[in-house]
Amino acid sequence: MDILDAWMTVIARDGWTGARINAVALAAGVSTGAVAAVAADRWEALRHYGRGLDNAALGEAGADSGASVRDRLFTLLMERFDAAQPQRAGAIELADAARRDPGLAAFMLLSLPVSIARIADAAGVATGGLLGPLRVQALTALYLAVARVWLADDSDDLAATMKELDTRLAQAETWARRLPYRAAAVVGEPAIPLLAAPRSMGDRPAE
């Protein structure tokens, strides 16, 4: 078992505060030194694991250069959920632990916008300048709303998650069209409908 996956497996089994490096070594079938070389504690493991999810999503960037920004956001964000799916039990434990652990909650709330900014940038959303942080904040809120559905989605094809993501992106697009200057300032450039050309659920690339 991969060491970062082993960390998530142990977190799911023993809880966030109960996860220990020796248990991870046993789960991965390696020495504690080998684990420490990758992630010596659960905080470091969580940082690296999140970066791995980002990289999995970013691996799809540019796969369809002719797609709209909305389509690309759908693909990249859904890819991140797909990458996290094998360790969903660990994610459920982390979400539950964050309700009781302010430090963990702060860590997750500070690190997630960094991930979303990477994905948004790869999808073609302008993340720089004065308005960039607002766009990232809006997309982070969207991602968190979809994540709540994903945590409860035990289907094999993540149909509920895809539907929620598609719905949230459609709502963002509608908002942008009704209030083009104010809304586009969050999700794109003024007067440019960056979330145009809705994608049908059947258009998701095959895995």
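Trainee: What makes alanine 152 count as exposed?

Mentor: In this predicted model, alanine 152 has a relative accessibility of 61%. Exposed means over 50%, so alanine 152 counts as exposed at 61%. Alanine 152 lies in helix H8.

Trainee: Which residues of H7 and H8 meet?

Mentor: From H7 they are Leu109, Leu112, Pro113, Ile116, Ala117 and Ala120, and from H8 they are Val136, Leu139, Thr140, Tyr143 and Leu144.

Trainee: Why are H7 and H8 called roughly perpendicular?

Mentor: Their axes come within 9 Å and cross at roughly 105°. Angles of 65 to 115 degrees count as roughly perpendicular, so the label applies to H7 and H8.

Trainee: How many aromatic pairs are there?

Mentor: The count comes to four. One of them joins tryptophan 16 and tryptophan 43.

Trainee: What makes the pair of tryptophan 16 and tryptophan 43 edge-to-face?

Mentor: The ring centres are 4.9 Å apart and the planes stand at 90°. Pairing requires centres within 6.5 Å, and planes over 60 degrees apart count as edge-to-face; the pair therefore meets both conditions. Tryptophan 16 lies in the loop between H1 and H2, and tryptophan 43 in helix H4, so the pair ties together parts that are 27 residues apart in sequence.

Trainee: Are these two tryptophans buried, or what else are they called?

Mentor: Tryptophan 16, at 1% relative accessible area, is buried. Tryptophan 43 is at 26%.

Trainee: What else involves the ring of tryptophan 16?

Mentor: The charged end of arginine 42 sits over that ring, 4.8 Å from its centre. Trp16 also forms one aromatic cluster with Trp43 and Phe107.

Trainee: Why is the pair of phenylalanine 81 and tyrosine 143 given the name it has?

Mentor: Phenylalanine 81 and tyrosine 143 have 4.7 Å centre to centre and 5° between the planes. Planes under 30 degrees apart count as stacked, so this pair is stacked. Phenylalanine 81 lies in helix H5 and tyrosine 143 in helix H8, so the pair ties together parts that are 62 residues apart in sequence.

Trainee: How do you know whether phenylalanine 81 and tyrosine 143 are buried or exposed?

Mentor: Phenylalanine 81 has a relative accessible area of 1%, and tyrosine 143 has 7% relative accessibility. Buried means under 20%, so phenylalanine 81 is buried and tyrosine 143 counts as buried.

Trainee: Which residues have the most contacts inside the largest nonpolar core?

Mentor: They are Trp7 and Leu165, in a core of 51 residues. Elements giving two or more residues to this core include helix H1 (3–14), helix H4 (42–58) and helix H9 (159–178). Not counting residues up to four places away in sequence, tryptophan 7 touches, among others, Ile21, Val24, Val35 and Ala45.

Trainee: Which residues of H6 are buried, and what covers them?

Mentor: The buried residues of H6 are Arg88, Gly90, Ala91, Glu93, Leu94, Ala97 and Ala98. Their cover includes H1, H4, H5, H7 and H8.

Notes. Residues are numbered from 1 along each chain as its sequence is written. This is a predicted model: local features need pLDDT of at least 70, side-chain atom pairs count only at pLDDT 80 or more; totals for chains, interfaces and linings use all residues. Side-chain values use heavy atoms; hydrogens and water are left out. A nonpolar core is a set of buried Ala, Val, Leu, Ile, Met, Phe, Trp, Tyr and Cys residues joined through side-chain atoms within 4.5 Å. Buried means under 20% relative accessible area, exposed over 50%, partly exposed in between (1.4 Å probe, protein chains only). Helices (H or I, at least four residues) and strands (E, at least two) are DSSP runs, numbered from the N terminus. Contact means heavy atoms within 4.5 Å. Rings of Phe, Tyr and Trp (its six-membered ring) pair if their centres lie within 6.5 Å; planes under 30 degrees apart count as stacked, over 60 as edge-to-face and the rest as tilted. A charge sits over a ring if NZ of Lys or CZ of Arg is within 6 Å of the ring centre and within 35 degrees of the ring normal. Axes are lines fitted to C-alpha atoms, for helices over the stretch in contact, and angles run from 0 to 180 degrees between N-to-C directions. Angles under 35 degrees count as roughly parallel, over 145 as roughly antiparallel, 65 to 115 as roughly perpendicular and the rest as oblique.
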